[in-house]
Amino acid sequence: MSTIQATPSKIDFKRLFFLFLGMFLFTVVYYAPPWPDAVDPMGKTFVLSTEGKAAIALFLLAGTWWVFEVLPIGITGLTIGVVQALFFIRPASAAFKDFMDPSVLFIFGSLVIGMVFTKVGITKRMAYKMLSIVGERTSMIYLGCFVVTALLTHVMAHTAVAATMYPLLLSIYALYGEGDRPTKFGKGLFIGMAFIAGAGSIITLLGAARGIVALGFYNEITGNEITFFELTYYMAPVGWLMVFMLWGLIMVLFKPEKSSIVGLREKARQLSREMGPITRNEIISGSIILSVIVFLSLQSFIPVLAQFNKAAVLLVSTVLFFILKILDIKDLEDIPWNIVLLFSGAMSMGFCLWQTGAAEWLAINWLSFFQNAHWFVFILAMAFFVMVMTNFIMNVAAIAISMPVALVVAPYLGMAPEVVVFACLITAGMPFLLLVGAAPNAIAYNSKQFTSGEFFAAGIPASILLMALVALAVLLIWPLLGMPVLAQ
């Protein structure tokens, strides 16, 4: 009688190391003695509460687990709510309420739109049309996808753009000939899309909500106003320069295995012909999605429309898709809940840092350290802080905690307040390090072409490029365009 020997499972020591490292960092900070108060440039004192210090501890735990992916990223997101409740950082009702924040539901609705684009065939038509134009060279396919992504962010939120581009990129990658297997081309295509969505979104106020918030602070503190077109005038050269710099970086980091896909153009044309005429479902779906995009875009110009919540407007499309039977229960079950939980946890983490005062304490400590520095050093330090924080918390919150402090310090260093606003907006729009930094990052991750660690590794040189671009904008681009950098 033969006996079946159980094969012992291999222990992943690397995973265990980072799992316990996150827990160790949390424990050390959580049980550390009270930390010193932060003092702003006006002499006001900010005490770091016990809950605030605990929020920073959780911040370190979540960051470690997310970067090294010791758990599914959605489960790390769930852990954020659990730890807040069990360690009394915030009440459970507050910690878990953020999991259904309107921003999370906006991302859910965006994912549904991407699913519809794929199911009815709109993305394949778009992909085949694009490929027949850009040709067979993989470098040009990269560029074509990135330019389309950037252009779309001028008129719609970058989350919706990512949801639109994601199935399009899946269709393009299917023609690469490697199945679902991760490749350099696949990594570059999806990571590049996420990066470019951020770069393009800084150019107009339609790309993201952060611009409206920043201009609101500017108006409140200085009494001056920056118009829609003035923002675009100063941001367009910077945003588009970053798009092409990122294209070059992606070509270096993820140079495709194939320089060209022979016969791709003709194949794309043939597949396009085989799809036949546009179907009823394509027309209905396209009309619903276009109507939502137009409504959301007009909210920036028509005050009456601005009072409608963006998430609620977007979710009208989700409801209609099911009413019209374009989607069914199986599609609902196929939603990437890992991504939804990831962003739910990110929202909870952001509000936790904000409401406990930890984020403000961090901002004041950091910026006050540079309050006597040269004005150029201060601007870069401020932009760097916003860049780091926007990878962990909502970019709107990163701006809200740092810009008031920076605008108070600016006059003492002889800086014009405009340069403070625009420098903040550049880095707030481009969280290149963590998946939780922006919805396009998480949507791109759903492709399974890269790990969170690979995304982080690619984000380091991208973030260095970003800081170099801020320096170039402050010293050269904006002065040439007529922006006052130093106070008169």
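How many salt bridges does the structure hold? There are nine in this predicted model. The stops below visit some of them.

**Stop one: Lys119 and Asp328**

Select Asp328 and Lys119. They form a salt bridge, with the closest N and O atoms 3.9 Å apart. That falls inside the 4 Å cut-off for a salt bridge. Now colour by position along the chain. The pair links distant parts: Lys119 sits in helix α5 (residues 102–120), while Asp328 lies in the loop between α15 (310–323) and α16 (329–333), 209 residues apart.

Next, check accessibility. Asp328 is partly exposed, at a relative accessible area of 38%. Lys119 also counts as partly exposed, at 42%.

Lys119, Asp328 and Asp331 are linked in a network of salt bridges.

**Stop two: Glu178 and its partners**

Move to Glu178. Which residue does Glu178 pair with at 2.7 Å between the closest N and O atoms? Arg181 is that salt-bridge partner. Glu178 is partly exposed, its relative accessible area being 25%. Arg181 is partly exposed too, with a value of 47%.

Where do the two residues sit? Glu178 is in the loop between α8 (158–174) and α9 (184–201), and Lys258 is in the loop between α11 (228–253) and α12 (264–274). This pair links distant parts of the chain, 80 residues apart. Lys258 counts as partly exposed, at 26% relative accessibility.

Terms used. Residues numbered from 1 in each chain as written. Predicted model: local features only at pLDDT ≥ 70, side-chain atom pairs only at ≥ 80, totals over all residues. Heavy atoms only, no water. Salt bridge = Lys/Arg side-chain N within 4 Å of Asp/Glu carboxyl O. Helix = DSSP H or I, 4+ residues; strand = E, 2+ residues; numbered from the N terminus. Buried < 20%, exposed > 50% of the residue type's maximum accessible area, 1.4 Å probe, protein only.
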